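Please look over the sequence and the model before reading on.

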Amino acid sequence: MNKSLPKVLVIVGPTASGKTALSIRLAKKLKGEIVSADSRQIYIGMDIGTAKPLQGFRGKIQNPNAKSQKNLYISEGIPHHLIDIKNPNEDYAVAEYKRDAIKAIRGILKRGKLPILVGGTGLYVRAVVENLDIPKVVADEKLRRKLEKEVEKKDLEHVFKKLVALDPEAAYIVDPKNPRRVIRALEVTLATGKPFTAQRKKQSPLFEAKILGLTPAPAALRKRIEKRVDQMISDGLVEETEELYEQYGKVKALDAIGYRELVDYLDGKISLQEAIRQIKLNTWHYARRQMTWFRKTPNVHWIKKGKLPTLTRRQFS
RNA sequence: GCGCAGGUGGUAGAGCGGCCAAUUACACGACGCUGUAAACGUCGCGCCCUUUCGGGCUACGGGGGUUCGAAUCCCUCCCUGCGCA
């Protein structure tokens, strides 16, 4: 029905499944630009651990007037948007991502290019593809800490009841056992004076998404993950972490697989060997979660055994 | 060879006469999640039957015993770690 919607190619899949390589290949073939949907590649300096595409400035940028030109991340001549846009000590969250991604996609379309949304952060992808209406209530750290303490002192149920009193609908929408969810819902309700559950909606889609999903065989993926972690270490992940840690301390951005464990190592809590073991395992767990998430994503064209569907530029215009 | 400490579910490690198919953690499996999302959370996890309730069987190194009842007590054998030879 939405024949007039602009078309966007989307690539999803677990970490280490080959999204980056595929996206660059398709970007070249289909004259596209990439929009990263990765919550950690957002951050400047977190390069090795987030497996950013290798940066190179060989490409020419089509529109020299664009303001973002200067800071554009380019790999193999393909512009990558939403990589390196924040410092690790800056906060960033879905709603901002959604706004930025839509802006980037529109810019690409304006340039007559194909936007390719690529990433493993399921919520980010969904926010854009399904046009989620995310309550625009900025994190209130003070309130959060206060509520967290309340959870500790009394219990989560107590805080949950507070929420339900203000937002009865929340009783069966918000997970009563998940402190982060309960606290956020309460945060939104208190800040706006309106029930949280009335504010999280979907709008009609802005784009027509063609979604490609990568599903590597679990055993092979696990091996690839382990190999990649070893590679990251020899590429200097420890040093990268050390620099970031020294400069920023324990910021949220560093609460990411690969960095978290190495911070523990740098703090002398665990051995390097143990840190590496944990990174491999946590990455694997993460991949599993991603697969669970994407499995239920509607309208995904799953790529089996590397067999790509025939894609032509015409399909996207 | 003697002395001491141990041998428990995939692993670590509780339990030390009945409330134990066995706390907990990890692994493993399934799942949820609209402003921390690489985050956060939930459930399952000996085998078999049962929609539920529940029931049956096999288990705490092997064997034997005490007891109404044993992972828990006793004997013995095997194995491991530490100490002394």
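## Basis of the model

This is a predicted model, in which local features need pLDDT of at least 70, side-chain atom pairs count only at pLDDT 80 or more, and totals for chains, interfaces and linings use all residues. Residues are numbered from 1 along each chain as its sequence is written, while chains are lettered from A and ligands numbered from 1 in the order in which they are written.

## The sheet

An open sheet is formed by 7 strands in the order S3-S4-S2-S5-S1-S8-S9, with mixed pairing. Strand S3 (73-75) and strand S9 (300-303) are at the edges with a single partner strand each, so one side of each has no neighbour in the sheet. On average, neighbouring strands of this sheet are turned by 30° against each other, direction ignored. The axes behind this angle are lines fitted to C-alpha atoms, and angles run from 0 to 180 degrees between N-to-C directions.

Strands are DSSP runs of E with at least two residues, helices are runs of H or I with at least four, and both are numbered from the N terminus. Two strands pair if DSSP finds at least two bridges between them.

## Strand S5

Strand S5 (residues 114-118) runs parallel to strand S2 (residues 32-36), and 5 bridges join the two. Val-35 has Leu-117 of S5 as its bridge partner. Strand S1 (residues 7-12) also runs parallel to S5, joined to it by 3 bridges; here Leu-9 is partnered with Ile-116 of S5.

In S5, 5 of the 5 residues are buried, so the strand is largely enclosed by the rest of the structure. A residue is buried if 20 or more other C-beta atoms, placed from the backbone, lie within 10 Å of its own. One face of S5 carries Leu-114, Ile-116 and Val-118, the other Pro-115 and Leu-117, and all are buried. In general, side chains of a regular strand alternate between the two faces of the sheet.

## The surface near the RNA

RNA strand B is surrounded by 48 residues, the closest being Ser-39, Thr-50, Ala-95, Lys-136 and Arg-180. A residue is near the strand if its C-beta atom, placed from the backbone, lies within 6 Å of it.

Several elements supply at least two residues each, among them helix H2 (94-110) and helix H6 (179-192). Helix H10 gives the largest share, 9 residues.

## A buried loop residue

Ile-85 lies in the loop between strand S4 (78-81) and H2. Ile-85 counts as buried because it has 20 C-beta neighbours inside 10 Å.

How values were computed. A residue is buried if 20 or more other C-beta atoms lie within 10 Å of its own, exposed if 12 or fewer, and partly exposed in between; C-beta atoms are placed from the backbone.
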